[in-house]
Amino acid sequence: LADSVVSTAAATMGTAYRLGGTTTEGFDCSGLIQYAYAQHGVSLPRVSADQARAGEKVDRNLAAVEPGDILTFSSMGGPVTHVGLYVGEGRFIHSASRGVQLSLLSPDDPYGKWWYVRWVGARRVISR
């Protein structure tokens with residue numbers, strides 16, 4: 001099921017960013033996650049702060065996260081303001097200003113570091 005959710009999210013690559021968007025006409029970050037899971041019968045809350053409480057907590061460690069886990073992000077210690085879907089090998093799919101895209105979560109990559117320092121947690125919605 002997790003692989004199917006990841007495949008569904010990947011199929012939306014390049015879709016435009018749209019604040020409040022929940023369809024293939026445009027997604028915001030939490031709209032993309034909600035959509036990818038809903039296509040496989042899994043209901044999630046609508047906004048990122050609520051998605052950050054869904055499922056079970058996973059250690060904030062790249063060795064602990066698995067494809068299909070929801071990654072949560074915060075701007076400098078505030079509430080969760082962004083979510084992405086982990087796909088493996090340090091990569092995640094999310095909808096940001098450039099639309100649905102694949103990004104790297106890495107302390108060593110210039111763009112990946114931007115996300116890495118804002119990464120605050122992960123949630124597992126689908127039990128393995």
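Author: Start with a helix, for contrast. In H2, the buried residues are Cys29, Ser30, Gly31, Leu32, Ile33, Gln34, Ala36 and Tyr37. That makes eight of the 10 residues in H2, so the helix is mostly covered by the under 20% cut-off. Keep in mind that this is a predicted model.

Now the strands. S5 spans residues 80–88. This strand is mostly covered too, with eight of its nine residues buried.

Take S4 first, residues 70–74. S4 and S5 run antiparallel, and five bridges join them. Between S4 and S5 lie five residues, and the two strands form a hairpin. Methionine 76 sits in that turn with a positive phi of about 50°.

Next comes S6, residues 91–96. S5 and S6 are antiparallel as well, paired over three bridges. Here leucine 85 has isoleucine 93 in S6 as its bridge partner. This hairpin has two residues between its strands. Glutamate 89 lies in the turn, and its phi is positive, about 55°.

Glutamate 89 counts as exposed because its relative accessibility is 69%, over the 50% cut-off. Arginine 91 has a relative accessible area of 30%, so it is partly exposed.

The structure holds six salt bridges. Arginine 46 and aspartate 28 form a salt bridge, their closest N and O atoms being 2.8 Å apart. This pair links distant parts of the chain, 18 residues apart. Aspartate 28 is in the loop between strand S2 (26–27) and H2. Arginine 46 is in the loop between H2 (29–38) and helix H3 (48–51). Aspartate 28 counts as buried because its relative accessibility is 9%. Arginine 46 reaches 26%, so it counts as partly exposed.

Aspartate 50 and arginine 53 meet through their side chains in a salt bridge, at 2.4 Å from N to O. Aspartate 50 has 32% relative accessibility, so it counts as partly exposed. Arginine 53 has 57%, so it counts as exposed.

Methods: Residues are numbered from 1 along each chain as its sequence is written. This is a predicted model: local features need pLDDT of at least 70, side-chain atom pairs count only at pLDDT 80 or more; totals for chains, interfaces and linings use all residues. Side-chain values use heavy atoms; hydrogens and water are left out. A salt bridge is a side-chain nitrogen of Lys or Arg within 4 Å of a carboxyl oxygen of Asp or Glu. Helices (H or I, at least four residues) and strands (E, at least two) are DSSP runs, numbered from the N terminus. Buried means under 20% relative accessible area, exposed over 50%, partly exposed in between (1.4 Å probe, protein chains only). Two strands pair if DSSP finds at least two bridges between them.
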